[in-house]
Amino acid sequence: MRPGYWIGWLCTHCVTLGKLAAHPGPRKVASASAAASTLFEPPRRTQESRTRTRAPGLPMEKSAASTEPQGPRPVLGRDSVQVPDDQDFRSFRSECEAEEGWNLTYSKAGVSVWVHAVEMDRTLHKIKCRMECRDVPAETLYDVLHDIEYRKKWDSNVIETFDIARLTVNADVGYYSWRCPKPLKNRDVITLRSWLPMGTDYIIMNYSVKHPKYPPRKDLVRAVSIQTGYLIQSTGPKSCVITYLAQVDPKGSLPKWVVNKSSQFLAPKAMKKMYKACVKYPEWKQKHQPHFKPWLHPEQSPLPSLALSELSVQHADSLENIDESAVTESREERLGGAGGEGSDDDTSLT
């Protein structure tokens, strides 16, 4: 899934805080490094550059011999576009599983939402959502996150979404635009996304990049994914847990009610809608090219190849900042009529 649905509800409904197509096919990708070398070899980072750009985080495992800083590289510190490596995937997983520094804002019916406590008063919030899926296998959820055609059926916020090109067998670039609740402006984003199956678990993550053929549009606000991703963990043959972690700059200054609404109501609502889509996916897929899964079979991918040198990092400060701080919550929004529980319609999934 392109980051859209989740950047969508974060930026659509929270807009202060993200599709991901995978291609690790019949030959399983053992590591991010092995996958990256299959098409285009990304620039090698030196130990010095890793030390300079990595943000502090919790390591997956402690090692007395290891002196390499842990934690995902913040996109704002990147000088060039790079495909995430094994260390990036390990540190992302650690942050998904971390508890220290996170403030729990919602927990009900198997869905929990946290906001990073250290950044509670900052514009760029970091948010984490977790959902228990008792009737959905990890591999089904993984397919749903990748299937762009199914995405168009269940994501009611999507305006336009498409894959642009692939960089390696486990990384590509794509576009997503989505509707925001009026009177907010609609958003779009271009991201480099990468993924890595790990046995019965999966990681998918992305960050914003610039593509010369897809500059910002005048009718949309270009948002920036600083770090967005998913950790899917199998808990049984027919169950899993998904954790979503994101930090996004929506290029807008929104009122506090939007932020509060996202963590206390809209995030759980988005999770529930996604769960319904997962339950219905197997039946839908049987009627719609059941054997076409380029995220599992790289040879099926119709995407053209793209060199990393054609992309550049999308920094938020290079984009126009749209002030939406004067937006007020309507009576309908306060009463839950716009986007409330009763409006969670999934009839389009048949």
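Reader: Hi! Which residue in strand 3 is the bridge partner of serine 112?
Author: That is arginine 130, in strand 3. Helices (H or I, at least four residues) and strands (E, at least two) are DSSP runs, numbered from the N terminus. This is a predicted model, where local features need pLDDT of at least 70, side-chain atom pairs count only at pLDDT 80 or more, and totals for chains, interfaces and linings use all residues. Residues are numbered from 1 along each chain as its sequence is written, and side-chain values use heavy atoms, with hydrogens and water left out.

Reader: Thanks! How many bridges pair strand 2 and strand 3, and in which sense?
Author: Five bridges, in the antiparallel sense; strand 3 covers residues 126–133. Two strands pair if DSSP finds at least two bridges between them.

Reader: And what joins strand 1 to strand 2?
Author: Six bridges, and those two strands also run antiparallel. Tryptophan 102 stands opposite histidine 116 there. The two strands form a hairpin with two residues between them, and alanine 109 in the turn has a positive phi of about 55 degrees.

Reader: Is strand 2 buried or exposed?
Author: Six of its six residues (111–116) are buried, so strand 2 is largely enclosed by the rest of the structure. Buried means under 20% relative accessible area, with a 1.4 Å probe and protein chains only.

Reader: Which residues sit on each side?
Author: Val111, Val113 and Val115 are on one side, with Ser112, Trp114 and His116 on the other. In a regular strand the side chains alternate between the two faces of the sheet.

Reader: Switching topic: which residues have the most contacts inside the largest nonpolar core?
Author: Leu141, Leu145, Ile232 and Ile242, in a core of 33 residues. Such a core is a set of buried Ala, Val, Leu, Ile, Met, Phe, Trp, Tyr and Cys residues joined through side-chain atoms within 4.5 Å. Helix 7 gives the most to this core, with seven residues.

Reader: What does leucine 141 contact?
Author: Beyond neighbours within four places in sequence, its contacts (heavy atoms within 4.5 Å) are Cys133, Val136, Ile232, Cys240, Ile242, Met274 and Cys278.

Reader: Last one: where is the pLDDT under 50?
Author: One such stretch is residues 36–72, with 70 contacts beyond four places in sequence in the model. pLDDT is the predictor's confidence in each residue, from 0 to 100. The chain mean is 74, and 63% of residues reach 70 or more. Where pLDDT is low, the predicted coordinates should not be read in detail.

Definitions and conventions
Buried < 20%, exposed > 50% of the residue type's maximum accessible area, 1.4 Å probe, protein only.
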